[in-house]
Structures are given as C-alpha cells and as structure tokens.
Amino acid sequence: MVTIDAGRTDAAAAAIRHHYDIGNEFYRLWLDRSLSYSCALRETAEDTLELAQENKLRHHLNAIDADHARSVLDIGCGWGAVLERLSGRHGVERSVGLTLSAEQAEYVRAQQYSGVEVRVEDWLHYRPEDKFDGIISIGAFEHFARPDDSAEEKIRVYREFFTRCREWLTPDGTLSLQTIAYANMNAAQANTFMKQEIFPDAELPTLGEITAAADGLFEVCAISNGRLDYAWTCAEWARRLKAERPAATALVGPEAVARYERYLKLSAMGFRMGKITLYRLVLRPYRSEYFAARGDRVA
C-alpha cells in the first residue's frame, strides 16, 4: 500500500479551497457558460470564448474516444463540463469526477447528470473498484507538487500519478492531460504574488519532469503547446471580469476583485512572453510489463 504524508494532501486541499471556494456565482460572472476554468482551444481568430472552450472539451473527449467509452474518470472535474458531456452527448454509462472543492462538488451533484458520481477526494486517496476506458485531467496536475519539492520529489509524485492512472485504465484506455508548465522561467523566478496569494502550495511542472515521470508507463502519443491560447483565454477572462466589476465587487469585495484582475493580467503576460506554457498530452499505457515492473512508487 502506498503511503503519502498527510501534509501534502491537506495542503493541496487547502490551496484548492483558497482559490475555488470564493463562490460559484463569482466565477459565473466571467467564465463561459460551461464554467470551464482552464485554457480554451482557439481554432480560428473568430472563435468566442464559449466556442473555444467547447473546442477544448471536444479535444479531450475525442482523445479518449468518449463515443465508445463505458466508464471515464475526470481528475480535477471543476464544475463538471466534461462530466455533463460524457453523460449527455456521449452516453457514457459511468463517469466519476474528483475535486477538492466542496462548492464545485455540490454544484455538479445538483445538476443530477445521469451516471455521474462526483467525489471530494484527492486522487492519492481514491481507490476505484473498476477500471476506466478513459481518464481526463485538465488543470489539476499543477497542484500535485509543492513549492518546496526538489525536482526529484516532483518527478516521484508525478510518477505516482501516472502509475495510478495506468493501473486504473483498461489496456486500451487513454489518458488526456492538460497542464500549465514552466517554459522560459524556473520556480525561483516565479512571481511572489502568484505563489502566495493566488495559488499557494502549488508548483508547476516542466515538460522534462512530466516525460521523465511517465517514462516506461505511458507512450506519449500526442503533445501540443497551447501557450498563446492561454494568453488569449486569460485576457478574455480579465476583460469579462472588468466588465462585471460592480457585480463581482458586490459578491466578493473590491480587494478580491482587484486580486483576480491582477492575476489574470499577469498570467496573460506570462504566457505571451513564454515564461509559462500550456501542454495538452495524449498518453496510452505501454503494454510491456518490463517498464511497469521497475516503476518507482512514492513511499
């Protein structure tokens, strides 16, 4: 049985609540109708935020072949945009969403999507009874490591994630992963405001750490860089929040609104300058038992 120190998971849960439990109505003011709080996929210059978020959801659902999936796990399910489409559009019999935000879980449960279960649970504690045909994880990977982790420790935690996903997938299953990552900047150069006031106890991966952690467990079948998509997404969110500033202020107060406007503008700048980036990866389990046997587990 794998053991993880309680401080890591407690800190992750506290960080998620710090950022996401400010209130669903606040996010509803400036996100799109699907409440997708992650990088959209802009296919044309004419795409609206709503269309670009649908493009993103379609990308991940197609990556796991949702039309033919019987069961799907969504790690970091947010307000359930993926789960809604799995239940309705794709008719998936069983979908499970994991989140650390009680407000997000309550929102998803209230929608009563057929075949959907949402759990307030860290993936480190999750023990599924059956395997999944597909796993989607959008915008959660950034919360797996802590700022004080060494590169080796980060890779150990990421490898544990990939090991779990490999075990939870059917042999023909697929993992579709989307995460922010460091690009032309390292952790020491990260903005103090972002680290302390926006995403405390979170740490971004590098592409090298991701691939090192997945080595021998998953074949990287596709990878795309959505850095400029995220610059545009953050700019759109900032524009929408500014337009709704009076209503947002009434909900959460002027200091919180100013903090979010600053964070969104800094994020857009960071992506545009190439300091940080956005990766979309499609990974499939290696069938060979050789690599699986040597996989290092977090102890």
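Two strands pair if DSSP finds at least two bridges between them. Helices (H or I, at least four residues) and strands (E, at least two) are DSSP runs, numbered from the N terminus. This is a predicted model, in which local features need pLDDT of at least 70 and side-chain atom pairs count only at pLDDT 80 or more, while totals for chains, interfaces and linings use all residues. Residues are numbered from 1 along each chain as its sequence is written, and side-chain values use heavy atoms, with hydrogens and water left out.

**View 1. The sheet is open and has seven strands.** The strand order is β3-β2-β1-β4-β5-β7-β6, and the pairing is mixed. Strands of a sheet pair through backbone hydrogen bonds, either parallel or antiparallel. β3 (116-120) and β6 (218-225) stand at the edges. Each has a single partner strand, so one side of each lacks a neighbour in the sheet. From one strand to the next, the twist averages 15°.

**View 2. Strands β2 and β3 run parallel.** β2 covers residues 94-99 and pairs with β3 over five bridges. S95 stands opposite V116 in β3.

View 3. Contact means heavy atoms within 4.5 Å. Angles run from 0 to 180 degrees between N-to-C directions, with axes fitted to C-alpha atoms, for helices over the stretch in contact.

**View 4. The largest nonpolar core has 54 residues.** A nonpolar core is a set of buried Ala, Val, Leu, Ile, Met, Phe, Trp, Tyr and Cys residues joined through side-chain atoms within 4.5 Å. Buried means under 20% relative accessible area (1.4 Å probe, protein chains only). W30, Y37 and W237 have the most contacts inside this core. Helix α9 (residues 227-243) gives the most to the core, with seven residues.

**View 5. W30 touches Y37, L49, W237, R240, L241, Y260 and L264.** Residues up to four places away in sequence are not counted. A second, separate core has 31 residues, including F161, W168, L169 and F218.

**View 6. The whole chain has 12 helices and seven strands.** Buried residues make up 55% of its 299 residues. The C-alpha atoms fill a box of roughly 55 × 45 × 40 Å, taken along the principal axes.

Note on methods:
Buried < 20%, exposed > 50% of the residue type's maximum accessible area, 1.4 Å probe, protein only.
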